[in-house]
Amino acid sequence: MNTLLQRLIARAPDAAVLLRREARWLVSLALGFAAIWAFGIIADEVAENETRTFDVQVLHFFRAQGDLSDPIGPAWVEQSANDITALGGYPVLTLFTLITVGYLLLIRRGGAAAMVVAAIGGGMVISQGLKALFDRARPDLVPHLVDVHTLSFPSGHSTLAAVTYLTLGALIAAVQPGRRVKGYVIGVALTLAVLVGVSRVYLGVHWPTDVLAGWSIGAAWALLCRAVADGLMRRRKMRGERQRRTTS
């Protein structure tokens, strides 16, 4: 009896860890499906042209009254928007991804490296596929302050910024010891994704609903990839626990 009680006490910390991982997996899954639902609502409204008034009003908000070629704010704000928007472009995101994958491989975290590649590579495929599916033209109400050559819905910069920064943020936060540090890391990831999206509207190259849709589908994909990774980790831990039980 005492031996059984000692075993249960010894296994209590492991059970608590498994429960936390189970809860995190369920939350990630629920938030991912909620983000997909939000994307579906936005896409349906865009397809029925119900968002025209909202899109026009927001685009005009970012331009000076009487001169739609002049964005609000001093010249340095426009320059800052150009610099920030590059954080959601393919060159910068690809560079961040390669640096992260190289680091993970050096520390022998091949599974995490594969997750990063799958999440970000899959996000790129999803973004381009949705653009081709919806075939929405870029805004023509205001001059574009940067060159663009692809379709508009959803915003590729917003989608990939959400996928990349949320994936990397979750990866970094997972190895941090304190909740405040974890919250800070996730907060930085969210801030970067938001800034990239806002810069696309400010520069006049996306409708606001393009950006909202990009954030939604990007966050959904990052969360679902995270849920899959947590699920695989949970199965591996449970398998290891069963092996320990059989050998004890």
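Good morning. I begin with Asn49, which is found in the loop between α1 (2-47) and α2 (52-61). Please keep in mind that what we have before us is a predicted model. In this model the phi of Asn49 is near 60°, a positive value in a residue other than glycine. As background, most residues other than glycine have a negative phi, and most peptide bonds are trans.

A cis peptide bond joins Phe153 and Pro154, with omega at about -10°.

Two packed helices are described by the angle between their axes and the distance between the axes.

Let me take α4 and α5 as the opening pair. Their axes come within 8 Å and cross at roughly 160°. That makes α4 roughly antiparallel to α5, since an angle over 145 degrees counts as such. The crossing of these two helices, α4 and α5, is left-handed. On the α4 side, the contact is made by Tyr90, Thr94, Thr97, Thr100, Val101, Leu104 and Leu105. On the α5 side, the residues include Gly110, Ala112, Ala113, Val116 and Ile120. Sorted by class, the contact of α4 with α5 holds 10 nonpolar residues, 5 polar ones and no charged ones.

The next pair is α5 and α6. How do the axes of α5 and α6 cross, and within what distance do they come? They cross at roughly 165° and come within 9 Å. α5 is therefore roughly antiparallel to α6. Here α5 passes α6 in a right-handed crossing. Among the residues of α5 that make this contact are Met115, Val116, Ala119, Ile120, Gly123 and Lys131. From α6 the contact draws on residues including Gly156, Leu160, Val163, Thr164, Leu168 and Leu171. By class, the contact of α5 with α6 has 10 nonpolar, 6 polar and 1 charged residues.

The remaining pair is helix α4 (residues 90-106) and helix α6 (residues 156-174), which pack at an angle of about 25° with their axes 11 Å apart. α4 and α6 are therefore roughly parallel to each other. α4 passes α6 in a left-handed crossing. Tyr90, Val92, Leu93, Phe96, Thr97, Thr100 and Leu104 in α4 meet Leu160, Ala161, Thr164, Tyr165, Leu168 and Leu171 in α6. In terms of class, the contact of α4 with α6 has 10 nonpolar and 3 polar residues, and no charged ones.

Finally, I come to the second largest pocket, in which about 240 Å³ of space lies. Which residues of its lining are the closest to its centre? Of the 16 residues that line this pocket, they are Tyr90, Arg138, Thr150, His157 and Arg200. The elements giving two or more residues to the lining are α4, α5 (110-134) and α6. Of the elements, α6 gives the most to the lining of the second largest pocket, with 3 residues. By class, the lining of the second largest pocket divides into 4 nonpolar, 8 polar and 4 charged residues.

Thank you for your attention.

Key:
Residues numbered from 1 in each chain as written. Predicted model: local features only at pLDDT ≥ 70, side-chain atom pairs only at ≥ 80, totals over all residues. Heavy atoms only, no water. Axes fitted to C-alpha atoms, helices over the stretch in contact; angles between N-to-C directions. Helix = DSSP H or I, 4+ residues; strand = E, 2+ residues; numbered from the N terminus. Parallel < 35°, antiparallel > 145°, perpendicular 65-115°, else oblique. Left-handed = near helix turned anticlockwise from the far one by under 90°. Contact = heavy atoms within 4.5 Å. Nonpolar A, V, L, I, M, F, W, Y, C, P; charged D, E, K, R; others polar. 1 Å grid on protein atoms, 1.4 Å probe; cavity = no way out; pocket = protein on both sides within 12 Å on 5 of 7 lines; lining within 4 Å. Points joined across faces, edges and corners; volume = space filled by probe spheres on them.
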